[in-house]
Amino acid sequence: MASRGELLYPESDRVFLEPYLPPPDRQVKDAGVPFVTLTFATSLDSALSLAPGVQTALSGPQSKAMTHYLRCRHDAIMVGVGTAIADNPSLNCRIQGVGGYGGEGLVGQPRPVVVDPLGRWQLTSETKILKLAKEGRGKAPWILTTKTPDSENARLLEEVGGCYIVLGSRTGASEERPSMTWLDMLRAIGTRGIGSIMVEGGGVIINSLLSAENAEHISSVIVTIAPTWLGQGGVVVSPPRTEGSSLPVARLRKTKWQQLGDDVVLCGSLGA
Ligand SMILES: NC(=O)C1=CN([C@@H]2O[C@H](COP(=O)(O)OP(=O)(O)OC[C@H]3O[C@@H](n4cnc5c(N)ncnc54)[C@H](O)[C@@H]3O)[C@@H](O)[C@H]2O)C=CC1
Ligand SMILES: Nc1nc(O)c(N)c(N[C@@H]2O[C@H](COP(=O)(O)O)[C@@H](O)[C@H]2O)n1
């Protein structure tokens, strides 16, 4: 029986996910790039949330536990700054037996990585990730940025063992809207020992990763589909189509489905 705040994800359900997960002992390979799992929860109208900046519960209890299991099977977990600001997320693993939840130290806890090119995320004593790191219930975050970090933010981050990683902006990006390439971001964390990362969202991050230019970096896709329509105006997963092309942007292969409560979980891979 799990105590308060801990999630249970049964062994019998774990077997289904195994072919789509990074091997437990995976080391960084290809040009220092980690194994990348794209994973998110979507509505039937492909929405992640009711509106930008609005946290929206889509996963039921069983698929939520599945997501937490994924967190303990990856070295890191990535979100965009839009998600960090909207959700003030924990981005830790609350599965029973993982570090801070009945387990030793921080074993099984993923490293949160936040993509924040302009340094928009203001950290405070109320920032959940920092609190959890202080309490030994999650790792301190790394923030990928192109700007010199604000000194108070840097202090709060370093106090719990986190850091900013400053990267160059992609060639051609404007000064006002700097952007990092996926290769640079993945290499930056790969060279720091991250062998696997799950990318959770939000919309901008997912659509950019699924675009024709970047989809090659995706090793595996695990999507929770909740039986609900959120309606127009939501943050939608719909990657840009290559100009002039009438082909779909991407198609999943080697698909498998699993029902978890009222939700279904779709797993697959991209490419051959
Ligand atoms: N249902 C689900 O599984 C999830 C839902 N969400 C929801 O998504 C919403 C947030 O999504 P968005 O507003 O689209 O924000 P987002 O989380 O995708 O962050 C967008 C920001 O990330 C940065 N960014 C993204 N790609 C970049 C790149 N290649 N280079 C440099 N910077 C880059 C930019 O600053 C951009 O403005 C929230 O409402 C949140 O609750 C977020 C994660 C998962
Ligand atoms: N799997 C999943 N299902 C949903 O219904 C969601 N809204 C999300 N959101 C993602 O999970 C983060 C919150 O995680 P914590 O519980 O705070 O650790 C949120 O920021 C999104 O990345 N995911």
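How many residues surround ligand 1, and which are the closest? There are 28 around ligand 1, and the closest are Gly 80, Gly 82, Gly 201, Gly 202 and Gly 203. Here, a residue is near a molecule or strand if its C-beta atom, placed from the backbone, lies within 6 Å of it.

A quick word on the ground rules. This is a predicted model, in which local features need pLDDT of at least 70 and side-chain atom pairs count only at pLDDT 80 or more, while totals for chains, interfaces and linings use all residues. Residues are numbered from 1 along each chain as its sequence is written, and chains are lettered from A and ligands numbered from 1 in the order in which they are written.

**Around the ligands**

- The elements giving two or more residues to the shell around ligand 1 are strand 1 (35–42), strand 2 (47–49), strand 3 (76–80), helix 3, strand 7 and helix 7 (203–210). Helices (H or I, at least four residues) and strands (E, at least two) are DSSP runs, numbered from the N terminus.
- Helix 3 gives the most to that ligand 1 shell, namely five residues.
- Sorted by class, the ligand 1 shell holds 15 nonpolar, eleven polar and two charged residues. In this scheme Ala, Val, Leu, Ile, Met, Phe, Trp, Tyr, Cys and Pro count as nonpolar, Asp, Glu, Lys and Arg as charged, and the others, Gly among them, as polar.
- Ligand 2 has 15 residues around it, and the closest are Ala 41, Leu 58, Ser 59, Pro 89 and Ser 90. Two or more residues of this shell come from each of helix 3 (81–87) and strand 7 (196–201).
- The ligand 2 shell splits into six nonpolar, seven polar and two charged residues.

**The domain in the record**

- UniProt, in an unreviewed entry, lists residues 34–266 as "domain: Bacterial bifunctional deaminase-reductase C-terminal". Its positions are given in the numbering used here, feature names are shortened, and annotations may be inferred rather than shown by experiment.
- Across residues 34–266 the chain is 22% helix and 24% strand, with the end C-alpha atoms 22 Å apart.

**What is tucked inside**

- The largest nonpolar core has 63 residues, and the members touching the most others are Met 78, Val 113, Val 114, Ile 189, Ile 197 and Val 199. A nonpolar core is a set of buried Ala, Val, Leu, Ile, Met, Phe, Trp, Tyr and Cys residues joined through C-beta atoms within 7 Å.
- In soluble globular proteins, nonpolar side chains tend to be buried together.
- Not counting residues up to four places away in sequence, Ile 189 touches Pro 34, Ala 76, Val 113, Trp 142, Ile 194 and Ile 197. Two residues are in contact if their C-beta atoms, placed from the backbone, lie within 7 Å.
- Arg 111 sits in strand 4 (residues 111–115), and it counts as buried because 22 other C-beta atoms lie within 10 Å. The cut-offs are 20 or more other C-beta atoms within 10 Å for buried, 12 or fewer for exposed, and partly exposed in between, with C-beta atoms placed from the backbone.
- Leaving aside neighbours within four places in sequence, Arg 111 is in contact with Asp 75, Ala 76, Lys 139, Trp 142 and Ile 194.

**How the strands line up**

- Strand 4 and strand 5 pair in the parallel sense over three bridges, and Val 115 stands opposite Leu 144 in strand 5. Strands pair if DSSP finds at least two bridges between them.
- Strand 5 (residues 142–145) is covered on both faces, with Trp 142 and Leu 144 buried on one side and Ile 143 and Thr 145 buried on the other.
- Strand 1 runs parallel to strand 8 (residues 220–225), joined by six bridges. Thr 42 has Ile 225 as its bridge partner in strand 8, and Ile 225 also stands opposite Val 264 in strand 11.
- Six bridges join strand 10 to strand 11 in an antiparallel arrangement.

- The peptide bond from Gly 201 to Gly 202 is cis, with omega near 0 degrees, and Gly 202 lies in the loop between strand 7 and helix 7.
- Asn 88 is not a glycine, yet has a positive phi of about 40 degrees. Asn 88 counts as partly exposed because it has 13 C-beta neighbours inside 10 Å.
- Leu 91, also not a glycine, has a positive phi of about 50 degrees. Leu 91 is buried, with 25 other C-beta atoms within 10 Å.
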